[in-house]
Amino acid sequence: MELTTIWFCLIAVLWIGYFVLEGFDFGVGMLLPVLARDDRERRVMINTIGPVWDGNEVWLLTAGGATFAAFPEWYATLFSGFYVPLFLILIALIVRGVAFEYRHQRPSVTWAGWWDRAVIFGSYVPAFLWGVAFANIVRGVPIDADFEFTGTVLTLLNPYGLLGGLVTLSLFVTHGALFIALKTDGEIRGRARALALRVGVVAAVLAVVFLAWTQGLTGNLGTAVIFVVAALALVGGLAAAYVGREGFAFAGTFLAIGLAVAGLFVGLFPDVMPSSTDVANSLTTTNAAATPYTLKLMTIVAAVFTPIVVGYQAWTYWIFRKRISIHHIPAAH
């Protein structure tokens, strides 16, 4: 297998990891004003992702860095053409990260309330815009012979792109609700499971429409199989939630999101950014790649450090695996 193909697959794995992990903590942030009845319940929700949210973002940083190093033409076209949505995502992630750190610094309801709004904003914006961005990458955008994006922000706000945003938003809410049900106990656990079922039905309908549309645009036999299995995983996860099996339910949405993203990359290959202007202008794993020496050096580094990072993150999840409830949160003075 060529190194360009290997790095395309590695970048796909990084994005899959990012969406299945950051997806549930986006969902927790979006559900903060919906599931929590008071400040202690909001603190319970935030504490479910407190030890892991920053580790989840490492997948995004690594995916961006790997794209820059392995496929510099792809990185340049993507980040210049999608500048506005990616800038908004960056601002939202910064605001969200600051909110987690500053919320508990003062014993003031007003202070905590403003930072809660920052968490909500910082969760909704990326959850929607990541779907818009990836849908447009798969669909193709106007790229000229110099591999430069020739569209505008409005070019990205097409029906397929907006549907992609709604799919990621609804899936992340469902994923987050099931994570809360898995990680909490008491009343909030029951409310989270009930909400996951209601939102999950909407997410399933939107996802089926989006995946069928994607299959018509770029699909093949491989993507068809992957998309069907993803849909079955989502339905199975909702069925498990209905009977109160939160672990299996969360595994279902985890697999559904991961498989859906994998299917998008399978349909995209060997392109990394198709051109809707002229297929000859499309960026591929060949014309967008770095030098063979760079890819070889990156492969050695990745082989050494990737298992260490994955092992550390898995250890973190294991250490903080127990449920959290109101009685673990001291009353505010």
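**Notebook: a predicted model, from overall fold to single residues**

I began with the secondary structure and counted 13 helices and two strands in the protein, taking helices (H or I, at least four residues) and strands (E, at least two) as DSSP runs numbered from the N terminus. I then looked up the radius of gyration, which is 20 Å and close to the 20 Å that the globule rule gives for 333 residues, so the protein is as compact as a globular protein of that length; the radius is taken over C-alpha atoms, and the rule is 2.2 Å times the number of residues to the power 0.38.

I note for the record that this is a predicted model, in which local features need pLDDT of at least 70 and side-chain atom pairs count only at pLDDT 80 or more, while totals for chains, interfaces and linings use all residues. Residues are numbered from 1 along each chain as its sequence is written, and side-chain values use heavy atoms, with hydrogens and water left out.

**Overall packing.** Along the principal axes, I found that the C-alpha atoms fill a box of roughly 65 × 40 × 35 Å. Buried residues make up 51% of the 333 residues, where buried means under 20% relative accessible area, exposed over 50% and partly exposed in between (1.4 Å probe, protein chains only). Of the contacts (heavy atoms within 4.5 Å) with a separation of 6 or more, 80% join residues 24 or more positions apart.

**Helix 10.** I followed helix 10 through residues 187-218, and its 32 residues reach 44 Å from the first C-alpha to the last, close to the 46 Å expected when the span is 1.5 Å times one less than the number of residues. I also located a kink of about 25 degrees in helix 10, centred on V199, the bend being the angle between axes fitted to the seven residues ending at a residue and the seven starting there.

**Helix 3.** At the N-terminal end of helix 3, I found D38 as the cap, with a side-chain oxygen 3.2 Å from the backbone nitrogen of R40. Within the helix (residues 39-49), I list E41, V44, M45, I46, T48 and I49 as buried.

**Two single residues.** I looked up N281 in the loop between strand 1 (271-273) and strand 2 (283-284), and this residue counts as buried because its relative accessibility is 11%. Leaving aside neighbours within four places in sequence, N281 is in contact with I143, D144, A145, F147 and S275. I91, by contrast, sits in helix 6 (residues 83-102) and counts as partly exposed at 33% relative accessibility. Its C-alpha atom is separated by 28 Å from that of L283, 192 residues apart along the chain.

Conventions
Polar contact = N/O pair within 3.5 Å; in protein donor to acceptor, adjacent residues only side chain to side chain.
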